[in-house]
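Here is a friendly walk through a two-part topic: how one chain folds, and how its partner chain meets it. Keep the viewer open as you read.

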Amino acid sequence: MASLDRPSKSLGQRLWSFGCSLKLAIALASMATALIMGGSLVMHFNPAIFSGMEQEIMSRWLPQAWAQAPLLVLWVPLSGLCVLLFGINTLCCLIDWLFKIKARWRKTGEYLIHAGFILLVIAYLWGSIGGFRSGPHRIFPGERIALPNMPEYSLQLDEFTPRLEPSGRPLDMINRVSLWQDGELAARALVRINHPLIHDGLVILPTSFGQELQGFRFHMPGRGYVDLAAGSRLPVSPETTLVVLQLLPDARQDGQGRVMQVSDRLNNPAMLLSLSGPAGQLWQGWYFLRSPLPGALQEAGLALRPTEPLYKTFSLLTINRDPGDKLALVGSMCIAIGVILAFFSFYRKRAQGDRPEV
Amino acid sequence: MSKTLLNLLFTIYATATLGYLVHLIWRRAILARTSLALVAAGVLLQTGLLGHRWWVAGYLPVTNLFATLFFFSWALALIYLYFELRYRIRATGLFVMLLNLVLLGGALPRDTRVSALIPALDTPLFSIHIIFSFIGYAFFAMAFSIGVLYLCQARLSSVMLPDLPTLRRINEEAVFLGFGLFTLCMIAGSLWAHIAWGHWFSWNIKSVWSVLVWMFYAGMCHAKFIRRWQGGVYAWLSIAGFAVVLFTYLGIGLLLESNHPLE
C-alpha cells in the first residue's frame with residue numbers, strides 16, 4: 001500500500017503543516033469575521049462604551065471599556081486573537097512558499113499580498129501599543145504647546161487662517177505650524193484639511209476652529225474708538241490711567257457683590273477695571289458692559305460706550321502618533337504590487353490552462 | 001442630469017433585459033445580439049452622462065445615494081460587457097441586467113443634483129477609493145449573478161445557459177478581480193483616512209464592514225482550493241458574499257448610522 005511506503009511525518013513537520021494549513025486559515029478568518037460581524041452590531045447599539053474607540057489607541061481604550069462592560073467588549077480581544085493567529089498562519093504559508101520559491105515563483109503576487117497583510121497586522125499592533133491619539137488641542141496663533149507623551153516635542157501655531165464660503169460654511173483651515181524637538185526646529189508645514197504634518201510617526205491635522213472673546217471696542221467721545229482687552233492701559237488724563245485687569249464673557253454678581261463667570265459664551269460681559277493716579281490706585285471695580293459706566297469712572301471724566309466685541313480665533317488641532325504607520329505603508333504597497341502581479345499571473349495561467357488559477 | 005436621458009437609459013437597459021428574456025424563450029441569436037448592442041449603447045450613454053457630471057462638478061460626483069447607485073449600475077453594465085465579450089454568456093445577461101435595472105431603478109426617483117463637495121472629500125484618494133470600491137462591488141454583483149445561475153444550471157442542465165465549468169470559471173474570475181480591486185479601494189481608503197483623520201484604520205461601522213467584505217472575499221479566493229467547495233458551495237458563498245456587500249453598501253446607511261464620510 002502506498003500509505004505504508006510513505007515515511008511518516010515528525011511532530012515538527014505535522015505542526016508546521018498545521019500552521020500552514022489552508023483549512024486553518026479559513027477557520028480562523030471565518031471565526032474573526034463572525035466575531036467582528038456580531039461585535040460591530042454590539043458596538044453600534046452601545047455607543048456609550050464604544051464611542052471612545054476612535055479617540056484612543058486600543059491598548060488604552062480596551063482596559064477602560066473592559067472595566068465598564070467586559071461581556072460587551074469580549075469580542076474585541078477574541079477577534080483580535082483570531083486575526084493574530086490568522087496572521088501567524090499567513091506568515092507560516094509565506095515562509096513555506098519562500099522555501100519553495102523556485103517552483104512557485106509565479107505566485108509572487110499572491111504571496112506579496114500575504115506579506116503585506118502580515119505587515120499590516122504588526123503595524124496595527126505596534127501603533128495600538130506604542131502610539132497615542134490626543135486632542136483636539138485649542139491653540140491660538142503664536143502659542144506653543146508641549147506634545148502629550150512626547151515632552152521633547154513642542155508644537156507652535158505660527159499663523160491660522162480659516163477659509164469660509166460666502167455662506168459661512170468652512171472650506172478649509174490653514175495652519176502654519178512648526179514642530180520643535182529639544183528646542184530645535186524639526187519640521188515646518190502648512191497644515192490643512194487632507195494635508196497633515198507627518199513627522200516621526202506623528203500626524204498633526206486640523207479638526208476645527210473657534211473664536212474666544214478677546215476684548216471690546218469702545219467709542220470715546222472726542223477720542224474715537226479704542227480697543228480694550230485684559231492687560232490694556234488707557235490714559236484718562238495726564239495723571240490717571242485705566243487698566244483692564246480681567247474680562248469675563250458671561251458674568252454675574254451674587255448677593256455679596258462677588259463676581260463670577262457663568263459661561264464661555266458672550267452673554268453678560270464684565271471687565272475688572274483699575275483706575276490709578278500718581279498716588280496709587282484710585283478705584284477698582286467691575287464694569288458690566290450692559291450697564292452704565294461705574295460712577296467713579298464717570299467722575300474721573302471717562303466716557304466709554306461699547307460698540308462691538310473683539311474675538312481671537314483659535315485652531316483645534318489633533319495630534320496622533322502611530323509608530324507603525326511606515327510599516328503599514330510598506331504593507332499596503334506590498335499588497336498593491338501583489339494585486340497587480342496577481343492580475344497578470346491570473347490571466348497568464350488561464351491562457352496556459354494552468355489550474356487552480358490563483 | 002436630465003431626467004429624460006436617465007429615463008432613456010433605463011428604457012435601453014429594460015429593452016435589453018426584455019430581449020434576453022425573449023431570447024431565452026425563442027432562442028433567436030439576433031435577439032441576443034440586439035440585446036448586447038443595446039447594453040453597449042447604454043454603457044456608452046451612461047459613460048457620457050457620468051463624464052458630463054464629473055466635468056460639471058469638477059470632482060467625481062459619487063457622494064450621495066443617487067450617484068452611488070448610478071455609478072454602481074454603470075460599473076455592473078461595463079463588467080457584464082467585459083464578461084459577455086470574453087465568454088459569450090448571453091442568457092446570463094438576463095440576470096445581470098435585471099440586477100442592473102434594480103440599481104438604476106433605485107436611482108431614478110432620487111435627486112440628481114450634484115451637491116457641494118465637503119472639504120474632507122476633496123482629494124484624489126477619495127476618487128480612487130470610490131472607483132475601485134464600486135468596480136469591486138460590481139464584480140461581486142457579477143459573481144452573485146453567476147452563482148445564482150450556477151445553482152440554476154446545476155438543477156436544470158439547460159442548453160441556454162453556459163455549462164457548469166464555464167460558470168465556475170467566470171465566478172472565480174469575478175471574485176478574484178473583485179477582491180483585487182476592492183483591496184486597492186481599501187488601501188486608498190486607509191491612506192486617505194491617515195491624512196484626513198490621523199489614523200489608517202477606523203472603527204466606524206462602515207469601515208469595519210468593509211474589512212469584513214475584504215476578509216470574506218479573501219477567504220473565497222482560498223476556498224476554491226478546497227475540492228469539495230468548488231462549484232456549488234462556492235456559488236452559495238458568492239451569494240452570501242454579496243449579501244455582506246449589500247449590507248455594507250446600503251444596509252448600514254439605511255438601517256444604522258455611521259460617521260463614514262459618505263453616510
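Among contacts in chain B between residues at least 6 apart in sequence, 80% join residues at least 24 apart; a contact here means that the C-beta atoms of two residues, placed from the backbone, lie within 7 Å. This is a predicted model, in which local features need pLDDT of at least 70, side-chain atom pairs count only at pLDDT 80 or more, and totals for chains, interfaces and linings use all residues. Residues are numbered from 1 along each chain as its sequence is written, while chains are lettered from A and ligands numbered from 1 in the order in which they are written.

**Chain B**

Chain B holds eight helices and zero strands. Helices (H or I, at least four residues) and strands (E, at least two) are DSSP runs, numbered from the N terminus. For its 263 residues, a compact globule would have a radius of gyration near 18 Å, and the 19 Å of chain B agrees with that. The radius is taken over C-alpha atoms, and the globule rule is 2.2 Å times the number of residues to the power 0.38. Along the principal axes, the C-alpha atoms of chain B fill a box of roughly 55 × 50 × 30 Å. Of the 263 residues, 51% count as buried. Buried means that 20 or more other C-beta atoms lie within 10 Å of a residue's own, exposed means 12 or fewer, and partly exposed is in between, with C-beta atoms placed from the backbone.

**Where the chains meet**

In total, 38 residues of chain A are in contact with 34 residues of chain B. On the chain A side, α3(A) gives the most, with twelve residues. Other elements that give two or more residues include β4, β7, β15 and α11 of chain A. By class, this side has 24 nonpolar, eight polar and six charged residues. Ala, Val, Leu, Ile, Met, Phe, Trp, Tyr, Cys and Pro count as nonpolar, Asp, Glu, Lys and Arg as charged, and the others, Gly among them, as polar.

Now look at α5 (residues 58–68) of chain A, whose buried residues are A:M58, A:W61 and A:A65. Seen down the axis of α5(A), these fall within an arc of 70°, so they line one face of the helix; the arc is that of the directions from the helix axis to the C-beta atoms. The cover over them includes α4, α6 and α9 of chain A. Turned away from the buried side of α5(A) are the exposed residues A:P63, A:Q64 and A:A67.

**Sheets of chain A**

One open, antiparallel sheet has four strands in the order β2-β3-β4-β5 (chain A); strands pair if DSSP finds at least two bridges between them. β2 (144–147) and β5 (184–191) stand at the edges with a single partner strand each, so one side of each is left without a neighbour in the sheet. Another open sheet of four antiparallel strands runs β9-β10-β13-β14 (chain A). Its edge strands are β9 (233–235) and β14 (280–288) of chain A.

|---|---|---|

In the hairpin of β4(A) and β5(A), two residues lie between the strands, and A:D182 takes a positive phi near 50°.
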